[in-house]
Amino acid sequence: MKDIFTPDMRLSDMIDMNYTLMQVMSRMGVGLSNSGLKADEACRQCGLDVSTFMLICNVYSFPEYVPSPEEIDSLNIPDIVRYLRGSHSYYTGRALNNLETSFDRLLEPCDETRKGAILKFFVEYKSELEKHFAREEDEVFPYIEALQKGTRPEGYSIDQFEEHHESVDEKLEDMKNIVMKYLPEECDPELKMWVLVSIYGLRDDLRRHTYVEDNVLVPAVRNLERDGE
Amino acid sequence: MESRKTVSLIVPSDIVARGLGSILEESGEFSVEEVFHDFSKAAESRLRGIDPDVVIIDPVILDFKSRKEGRNMLSDVCDSIVIALDGPAVTEDVLKLYDGSVSLYDRQDELVRKLRNALETRQPDAVSDGGELSAREKEILVCVAKGMLNKEIADKLNLSIYTVITHRKNITRKTGIKTVAGLTVYALLNNLIDLASVQ
């Protein structure tokens, strides 16, 4: 049988199986103080739709898990949007700030030119990511919220979002290769590995995040558009 | 220890896929990274990602008409050596297009030898990952880092645009870096340019 989390599992047991869920749960507003509870109880207390919560945890933990059309149909869209917003602010806030701090330490022994070039690359990546998220927050989420209120804004549809939803993977992948292979010898190898672990963590997290947007949010909103017609 | 060469299989038959897989794994020289039962868009994008050393394809998987083009379609996707699986439905002129062929009736040592040969023949003009950039590639990298477009680079160096694109592909494969911003950092770290020339 395929591995899958169910609402009768304790959050602490789910976290045992995949500790990156701590972060994911926290972005949905479920903190560690709830970790002794079963998933359905924790969701009740935090005012979250349990099937939406389970779906996101499953997507993050089991690469072979594909949400069924029924699951997509019964989703609570505001909870998904809330989660996506939470993730955006986590990436551009804590995740990138931590990475930037470790970068600063890693590059300390380098000369100014090299340090400057790498930090510039980092800053460009950061603003690219921010721009990517801003488009979602300023165009897509308000559109979805309007749909839910029963109005359908003219001149936009989720298809447009899907079509223009570009990958933000490439620069991060380049950053990984630069750190792994091309930094000057004076950079500390332990710090290098530390930075690489953060980059890999961010990469995997972003990939799951993109999956939720493309394969959960988009079909769910398409249902909503269809229902409104 | 030299690392194993990676192989992807594109064969419709699960029996054949598993058979080839276990023979290759057993040899200790190859490891099978992924098996595709069709040559769909999804398979294409996976192949692009894993970029295996060798692809073994059963040409039966392609429509009769596109069998000859199949080889070219694959080179657009990845730089692997492409080996055809010989069978009743495959003709000589199709086989000629591939870097080699293996048969269902090959013994284990024959199969491994054929793959090894194909890899070796390809070696001289093949670019290995992580290899040094050639003088020409460095020249092109510097242009890219300065923000020049392919057309401009082609004009400046008297090359066709197609050649520039091939060089750029090779640069990316050797360095593992895809974006212009990333290549600029690479060029700076390797003292190919100074900061003033990119600002």
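At what angle do the axes of helix α6 (residues 77–107) and helix α7 (residues 112–148) of chain A cross? In this predicted model, they cross at roughly 170 degrees and come within 11 Å. Angles over 145 degrees count as roughly antiparallel. α6(A) and α7(A) are therefore roughly antiparallel to each other.

Look at the residues that make this contact. From α6(A) they include A:I77, A:V81, A:H88, A:L96, A:F103 and A:L107. From α7(A) they include A:K115, A:I118, A:F122, A:L129, A:F141 and A:Q148. By class, the whole contact has 13 nonpolar, three polar and six charged residues.

Now step back to chain A as a whole. Chain A has ten helices and zero strands. Along the sequence, the pattern reads α-α-α-α-α-α-α-α-α-α. The chain has 229 residues, and 27% of them count as buried. Consider next the contacts in chain A between residues with a separation of 6 or more. Of these, 72% come from residues 24 or more positions apart.

Chain A also touches chain B. Here, 16 residues of chain A are in contact with eleven residues of chain B. On the chain B side, seven of the touching residues are nonpolar, three are polar and one is charged.

Move to chain B and find helix α8, residues 161–175. How far apart are the end C-alpha atoms of this helix? They are 21 Å apart. That agrees with expectation, because 15 residues at 1.5 Å a residue should span 21 Å.

Which residues of α8(B) are buried? They are B:V164, B:H167, B:I171 and B:T175. These four cover an arc of only 60 degrees around the axis, so they sit on the same side of α8(B). The other side of the helix carries B:Y162, B:T166 and B:K169, which are exposed. The buried residues have partners to pack against: α6 (135–145), α7 (150–157) and α9 (180–189) of chain B.

Take one of those partners, α7(B). Two packed helices are described by the angle between their axes and the distance between the axes. For α7(B) and α8(B), the axes cross at roughly 110 degrees and come within 9 Å. An angle from 65 to 115 degrees counts as roughly perpendicular, and α7(B) and α8(B) are therefore roughly perpendicular to each other. In this contact, B:N150, B:K151, B:I153 and B:A154 of α7(B) meet B:I161, B:V164 and B:I165 of α8(B). By class, five of the contact residues are nonpolar, one is polar and one is charged. Notice B:V164: this residue is buried, and it takes part in the contact with α7(B).

Finally, turn to the backbone. Most residues other than glycine have a negative phi. Where is B:N158 found? B:N158 lies in the loop between α7 and α8 of chain B. Its phi is positive, about 60 degrees, although B:N158 is not a glycine. B:N158 has 7 other C-beta atoms within 10 Å, so it is exposed.

B:N191 is not a glycine, yet its phi is positive, near 60 degrees. Is B:N191 buried or exposed? With 9 other C-beta atoms within 10 Å, B:N191 is exposed. A glycine with a positive phi follows α8(B): this is B:G176, with a value near 80 degrees.

Conventions:
Residues numbered from 1 in each chain as written. Chains lettered and ligands numbered in written order. Predicted model: local features only at pLDDT ≥ 70, side-chain atom pairs only at ≥ 80, totals over all residues. Helix = DSSP H or I, 4+ residues; strand = E, 2+ residues; numbered from the N terminus. Expected span 1.5 Å × (residues − 1). Buried ≥ 20, exposed ≤ 12 C-beta atoms within 10 Å, placed from the backbone. Arc of directions from axis to C-beta. Contact = placed C-beta atoms within 7 Å. Nonpolar A, V, L, I, M, F, W, Y, C, P; charged D, E, K, R; others polar. Axes fitted to C-alpha atoms, helices over the stretch in contact; angles between N-to-C directions. Parallel < 35°, antiparallel > 145°, perpendicular 65-115°, else oblique.
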